[in-house]
Amino acid sequence: SQVGFEEESQNPPSVGHWKPLMPSKGDKEEPEGGCQDAGGVPEPQSTEQLNVSRLRSSSVEIREKGSEFLRDELHKAQKELKLKDKECERLSKVREQLEQELEELTASLFEEAHKMVREANTKQAAAEKQLREARGKIDMLQAEVTALKTLVITSTPSSPNRELHPQLQSPSKAGFRKGHGRNKSTSSAVVSAASQSVAPEPASRECKEADSILFAEFQAWKESPTLDKSCSFLDRIYREDVGPCLDFPKQELSELVRVAVEQNTLTIEPVAPHTVPVGKVAAEECGGPKKCALSGLPRTCKHRIMLGDSGNYYYISPSCRARITAVCNFFTYIRYIQQGLVRQDVELMYWEVMRLRREMSLAKLGFYPSEM
């Protein structure tokens, strides 16, 4: 066994006299007697046995050194594997942390982007609303400037136009003609917002009771005022008042007048004596100082109308002028309500609308002041 070999290598046997198995040339024979071991027992060995024992001891030593080297290498490899495992674990944690931070960063960026988009949309909506309000104010101011220009042109200190200056008329006439003396269909007579805010004076000795259906329609319209005639409030007024009031024998011209009134592009101005029709339209179509262009009847025409910027004037009779003016007064008032210029109670605004409807009905029936 290996233990026996180790003991033999550690305690080398005593060598006595021996003979070679194959004596070579030049070898000398030795006497058989030789030295003895401590016990006095001779142990003859051959050279071959000695070589075998030496080889065995060296192979055992090599095997031990090899196994020791392999154990060291194994320990080193195990240590390296442990280090690699720790490094892999550390890198895995770093990767997970980076992925989590990346997800949080992406989520925060998306949230910030959505927040910026919402703020931009809110600011855009507010800017568009301000732009619409500014345009409305600009349109109102332009209408008032146009009305002032008309006043300057048609009225002078030496010869004031009493139709454009109600304060110059007598109280009775001024009261009856309130809201009718105008050149533009909306604000040519410069009816300021402050004057519109004043509550209309109730008629003396007159009892009033609001119709529940009409009042409900007006309230619904007042919540979201619009000039779209598809709503129930304006649809009824178009059918019952505006349509009949602007229904003249000359159907084609009547339709043009209605469109001009709705678009606020109708101009009414007094006629100077012996004024000749101007424009490209024939004199028969425009009428004349003695013939109404809307009714086609021979009437004394003190006013003429122009539709938009066409430059064509149409002479109209006092009755036709009263009907057109009544419709213009109604549209002027509801436009002021839509623009938020009327600061009144809903009931007061309702009765003012009813008063304007009554004026349209009376004008349609042919009632108008003699000064028209």
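## Salt bridges

A search of the whole structure, a predicted model, finds 13 salt bridges (a side-chain nitrogen of Lys or Arg within 4 Å of a carboxyl oxygen of Asp or Glu). One network of them links Glu 217, Arg 236, Glu 240, Asp 241 and Arg 357. Within it, Glu 217 and Arg 236 meet through their side chains at 2.9 Å, N to O. That pair links distant parts of the chain: Glu 217 is in helix H5, Arg 236 is in helix H6, and they are 19 residues apart. Helices (H or I, at least four residues) and strands (E, at least two) are DSSP runs, numbered from the N terminus. Glu 217 is buried, at 15% relative accessible area. Buried means under 20% relative accessible area, exposed over 50%, and partly exposed in between (1.4 Å probe, protein chains only).

Arg 236 also forms a salt bridge with Glu 240, at 3.3 Å, N to O. Both residues lie in H6, 4 residues apart, about one turn of the helix. Glu 240 is partly exposed, with 38% relative accessibility. Helix H10 holds another pair, Arg 355 and Glu 352, 3 residues apart. Their side chains meet at 2.5 Å, N to O. Arg 355 counts as partly exposed at 24%, whereas Glu 352 counts as buried at 10%.

## Basis of the model

The model is predicted: local features need pLDDT of at least 70, side-chain atom pairs count only at pLDDT 80 or more, and totals for chains, interfaces and linings use all residues. Residues are numbered from 1 along each chain as its sequence is written, and side-chain values use heavy atoms, with hydrogens and water left out.

## Nonpolar core

The largest nonpolar core has 49 residues. Such a core is a set of buried Ala, Val, Leu, Ile, Met, Phe, Trp, Tyr and Cys residues joined through side-chain atoms within 4.5 Å. Val 242, Leu 266, Leu 294, Ile 305, Ile 324 and Phe 330 touch the most other members. Helices H5, H6, H7, H9 and H10 each give two or more residues, and so do strands E1, E2 and E3. H9 gives the largest share, 11 residues.

Phe 330 shows part of the packing. Leaving aside neighbours within four places in sequence, Phe 330 is in contact (heavy atoms within 4.5 Å) with Leu 234, Ile 237, Val 242, Val 353, Leu 356 and Met 360. In soluble globular proteins, nonpolar side chains tend to be buried together.

## Sheet and covering helices

Three strands form an open sheet in the order E1-E2-E3, with antiparallel pairing. Strands pair if DSSP finds at least two bridges between them. E1 and E3 stand at the edges with a single partner strand each, so one side of each has no neighbour in the sheet. Neighbouring strands are turned by 30 degrees against each other on average, direction ignored. E2 and E3 are joined by 4 bridges. Ile 305 stands opposite Tyr 314 in E3.

H7 lies across E1, E2 and E3, at about 75 degrees to E2. H9 also lies across E1, E2 and E3, at about 135 degrees to E1. Axes are lines fitted to C-alpha atoms, for helices over the stretch in contact, and angles run from 0 to 180 degrees between N-to-C directions.

## A buried threonine

Thr 325 sits in helix H9. Thr 325 is buried, with a relative accessible area of 1%. A polar atom of the Thr 325 side chain lies 2.6 Å from the backbone oxygen of Arg 321.

Terms used:
A polar contact is a pair of N or O atoms within 3.5 Å; within protein, one must be able to donate a hydrogen and the other to accept it, and residues adjacent in sequence count only if both atoms are side-chain atoms.
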